[in-house]
Amino acid sequence: MSIEDKADEGDDFFKSTLFGSVFVMKDPETGMDGATLVRTRDLVEKLEQAIVAKKWSEVHSMLDIQSVAEWVVVNEIAKNDKAFSGDTYLYVDDDKKIHFIPSTQSAKAFNADSDYEGFTAYERNWVSLLKSDADFTSAVKKAFEKISSSEKEILSWIDDEAEKTIGDALANASISNRADYDNEIASLKAWLSARIKWLSNQWK
């Protein structure tokens, strides 16, 4: 399922009571009154009640904290402005817990023209209260350290991918020559390094 700004016509969805989030089901056989949707809705409602009450042991029994921490880190490094209001994917596993998928597909992510400071996912929805849970904040810091310690490798990977995709990039009407392309890559790397440094200062 996914969290969206709003449901489209024909979507099977529900809206949570406490946070007002729109959950769109991805199973085509779910149905608005289907058992999967009803079970998921009930789980979300109980989870949100526990989050608001800051009953962390109950929260941990319904929410995979590690997956949320990894999702937060990925979306904060990308500074994804759509985090928790779209571009947010999750599922209920066999353990009956909600798991987040740590990815971002938003066109607004990794925007080298944006300010590298400021939180997005970390200040929103469930996460704005989960920050009060010591286990969660510890998981966030550990997940971030794992990525930030690999900064050099990530920047090198960007260079490698840039070389592989230069032909497609130059075919893009917005990039007219190799110099412009190289500048775009350099700007992205500089922004990413600044972003990681800023987050490092926040998650000491």
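The chain exposes about 11,000 Å² in this predicted model, and carbon and sulfur atoms supply 48% of that area. Buried residues make up 39% of the 204 residues in the chain. The C-alpha trace spans about 55 × 40 × 25 Å along its principal axes.

**Fold and contacts**

- The chain contains 8 helices and 5 strands.
- Read from the N terminus, the elements follow the order β-β-β-α-α-α-β-β-α-α-α-α-α.
- Of the contacts in the chain with a separation of 6 or more, 67% are between residues 24 or more positions apart.

**Nonpolar core**

- In soluble globular proteins, nonpolar side chains tend to be buried together.
- The largest nonpolar core in this chain comprises 51 residues.
- V59, L63, I98, F100, W126, L130 and F136 have the most contacts inside this core.
- Leaving aside neighbours within four places in sequence, W126 is in contact with F19, F23, V44, L47, E48, I51, L63, F84, I98 and F100.

**Largest pocket**

- Rolling a probe the size of a water molecule over the atoms shows where empty space is left.
- The largest pocket has a volume of about 390 Å³.
- Its lining consists of 15 residues, and F110, I154, W157, I158 and L192 lie nearest the centre of the pocket.
- By class, the lining holds 13 nonpolar, 1 polar and 1 charged residues.
- Helices α3 (65–77), α6 (151–164) and α8 (178–202) each supply at least two residues of this lining.

**Partly exposed helix residues**

- V52 is located in helix α1, which covers residues 35–53.
- The relative accessibility of V52 is 43%, so this residue counts as partly exposed.
- Not counting residues up to four places away in sequence, V52 touches L18, F19 and L129.
- V52 and K146 are separated by 94 residues in sequence and by 29 Å in space, C-alpha to C-alpha.
- E145 belongs to helix α5, residues 134–148.
- E145 counts as partly exposed because its relative accessibility is 46%, which falls between the limits of 20% for buried and 50% for exposed.
- E145 and S200 are 55 residues apart in sequence, with a C-alpha to C-alpha distance of 8.3 Å in space.

**Residues with positive phi**

- K96 has a phi near 70°, a positive value in a residue other than glycine.
- K96 sits in the loop between β4 (88–92) and β5 (98–100).
- With a relative accessibility of 61%, K96 counts as exposed, since the class requires a value over 50%.
- N125 has a phi near 50°, which is likewise positive in a residue other than glycine.
- N125 lies in helix α4, residues 125–130.
- At 16% relative accessibility, N125 counts as buried, because that class takes values under 20%.

How values were computed: Residues numbered from 1 in each chain as written. Predicted model: local features only at pLDDT ≥ 70, side-chain atom pairs only at ≥ 80, totals over all residues. Heavy atoms only, no water. 1 Å grid on protein atoms, 1.4 Å probe; cavity = no way out; pocket = protein on both sides within 12 Å on 5 of 7 lines; lining within 4 Å. Points joined across faces, edges and corners; volume = space filled by probe spheres on them. Helix = DSSP H or I, 4+ residues; strand = E, 2+ residues; numbered from the N terminus. Nonpolar A, V, L, I, M, F, W, Y, C, P; charged D, E, K, R; others polar. Core = buried A, V, L, I, M, F, W, Y, C linked by side-chain atoms within 4.5 Å. Buried < 20%, exposed > 50% of the residue type's maximum accessible area, 1.4 Å probe, protein only. Contact = heavy atoms within 4.5 Å. Areas by Shrake-Rupley, 256 points an atom, 1.4 Å probe, with all protein chains shown as cover.
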